[in-house]
Every structure is written in structure tokens, then in C-alpha cells.
Amino acid sequence: CASRLLAPYFGNSLPVWGLLIGLLLAYLATGNILGGRLADRHAEVSWLYRLTAWAGFIIGLIPHVSRPILRYSVAAFASYQAGAVLGSLLSVLALFAPPVILLGCVLPFAVRLSVKDTTSSGDVTGRIYALSTVGSLIGTFAPVFVLIPSFGTRRTIVAISLSLLTVAIVGLFQTD
């Protein structure tokens with residue numbers, strides 16, 4: 001979805017894709033570190049659902065705030081030779097850093113909350129990482145082959161937002 005939002009403004013070039021993928025991975029890594037620290041301080045499932053809810057909420061804002069941010073980025077960097085790269089960098093920072101960092105926090109929480117004793121920590125962690133990878137595959141293929149062609153990019157982003165919010169709200173009500 002991110003590449004589809006950026007393409008009309010910055011194109012679909014290899015440098016734009018490289019920046020997008022690289023920055024999203026950096027945000028996930030940042031979220032993993034922050035999530036690990038938070039999970040050790042607040043090993044409560046409600047924190048996991050709150051982080052997910054905030055990520056879902058922020059993702060839901062992206063379709064509404066992306067146009068002005070992308071237009072500003074194009075205008076701000078139009079005179080630079082590397083304008084598409086710099087503009088897409090600024091756009092990806094502004095639009096995707098907060099929700100992807102928050103989603104990066106989820107995995108350490110899931111591991112922290114699932115490990116009951118250290119004798120099975122490797123097995124638990126391996127299963128959670130496998131589940132995370134399956135989720136990443138679904139999150140890659142479902143939008144590309146089903147959601148975006150059927151509903152468009154902005155509606156797909158809203159659907160992802162609503163899915164995350166639904167899981168988080170149901171989880172929060174179950175923990176109370």
C-alpha cells in the first residue's frame with residue numbers, strides 16, 4: 001500500500017522502493033527494541049492490545065493525511081536532482097514510522113507474554129516468529145492480489161486499520 005501511495009508522486013523507481021523497504025525494516029527493528037524494553041517493564045497483555053490499537057488508529061489516518069504530506073514533499077524537493085528520493089524519504093518518515101514502529105513492538109510483547117519458563121523459550125519464540133512470518137506473507141499477498149485490485153489502496157489501508165482496531169478492542173475487552 002505504501003508504494004502505491006508514493007508512486008503517483010515519486011514514481012516506482014528502484015531507489016524509491018529501496019528507501020521504502022529499508023525504512024520500513026528500520027522502523028520494525030526500532031519497534032522490536034522499544035517493544036522489548038516495554039514488554040520487560042509492562043508484561044501485561046493490555047499493553048500489547050493498546051499498542052496494536054494505536055497502530056491501527058494511526059494507519060487509519062494515513063489515507064486522510066497522505067495527500068497533503070505527499071504534495072508538500074513533492075513541492076519541497078522538486079528543485080533537487082534527488083528530489084524523488086528525498087521527497088519519498090520524508091513522506092515515508094512522516095506517514096509510516098509511527099504505526100510500523102508500534103507494530104514492531106508487538107512481537108517482543110508476544111514473546112514475553114508467552115514464555116512461561118526458560119526451558120521452552122526457544123520453542124515458543126520459534127513458533128511466534130513463524131506465526132509472524134505467516135502474517136507478513138498474508139500482509140504481502142492479500143493486498144497485492146486481492147484487496148488493492150478489488151477495493152483500491154486507500155480502502156485497503158482502512159481495512160487493515162479496522163482489522164487491527166477490531167483485534168485490539170476485542171482483546172482489551174477480554175483482558176478487563
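This is a predicted model: local features need pLDDT of at least 70, side-chain atom pairs count only at pLDDT 80 or more; totals for chains, interfaces and linings use all residues.
1. Bend in α6. Helix α6 covers residues 121-151 and bends by about 50° at Pro143. Pro143 is also one of the buried residues of this helix, along with Val124, Ile128 and Ile148. Just after α6 comes Gly152, which takes a positive phi of about 90°.

2. Packing of α6. Which helices do the buried residues of α6 pack against? They pack against α1 (2-10), α5 (106-114) and α7 (153-175). The buried set includes Val124 and Ile128 as well as Ile148.

3. The structure holds 2 salt bridges. In one of them the side chains of Asp40 and Arg112 meet, with an N to O distance of 3.2 Å. Asp40 belongs to helix α2 and Arg112 to helix α5, so this pair ties together parts that are 72 residues apart in sequence. Asp40 counts as exposed, at 57% relative accessibility. Arg112 has 36% relative accessibility and counts as partly exposed. As a general point, side chains of opposite charge can pair when their charged atoms come close.

4. Asp123 forms a salt bridge with Arg127, and the closest N and O atoms are 3.1 Å apart. Both residues lie in helix α6, 4 residues apart, which is about one turn of the helix. Is Asp123 buried, partly exposed or exposed? Its relative accessible area is 44%, so Asp123 is partly exposed. For Arg127 the relative accessible area is 58%, so Arg127 is exposed.

5. Aromatic pair in α3. The structure holds 2 aromatic pairs. In the pair of Trp54 and Phe57, the ring centres are 5.9 Å apart and the planes stand at 90°, so the pair is edge-to-face. Trp54 and Phe57 are separated by about one helical turn because they are 3 residues apart in helix α3 (residues 45-77). Trp54 counts as exposed, at 53% relative accessibility. Phe57 is partly exposed, with a relative accessible area of 43%.

6. How are the rings of Phe141 and Phe145 arranged? Their centres are 6.0 Å apart and their planes lie at 35°, so the pair is tilted. That angle falls between the limits, since planes under 30 degrees apart count as stacked and those over 60 as edge-to-face. Phe141 and Phe145 sit 4 residues apart in helix α6 and are therefore separated by about one helical turn. Phe141 has a relative accessible area of 44% and is partly exposed, whereas Phe145, at 60%, is exposed.

7. Leu34. This residue lies in helix α2, which spans residues 14-41. Leu34 is partly exposed because its relative accessible area is 39%, and buried would mean under 20%. Which residues does Leu34 touch, not counting those up to four places away in sequence? Leu34 touches Ile101 and Cys105. The C-alpha atoms of Leu34 and Arg155 are separated by 30 Å, and the two residues are 121 apart along the chain.

Technical notes. Residues are numbered from 1 along each chain as its sequence is written. Side-chain values use heavy atoms; hydrogens and water are left out. Helices (H or I, at least four residues) and strands (E, at least two) are DSSP runs, numbered from the N terminus. Buried means under 20% relative accessible area, exposed over 50%, partly exposed in between (1.4 Å probe, protein chains only). Contact means heavy atoms within 4.5 Å. The bend at a residue is the angle between axes fitted to the seven residues ending there and the seven starting there. A salt bridge is a side-chain nitrogen of Lys or Arg within 4 Å of a carboxyl oxygen of Asp or Glu. Rings of Phe, Tyr and Trp (its six-membered ring) pair if their centres lie within 6.5 Å; planes under 30 degrees apart count as stacked, over 60 as edge-to-face and the rest as tilted.
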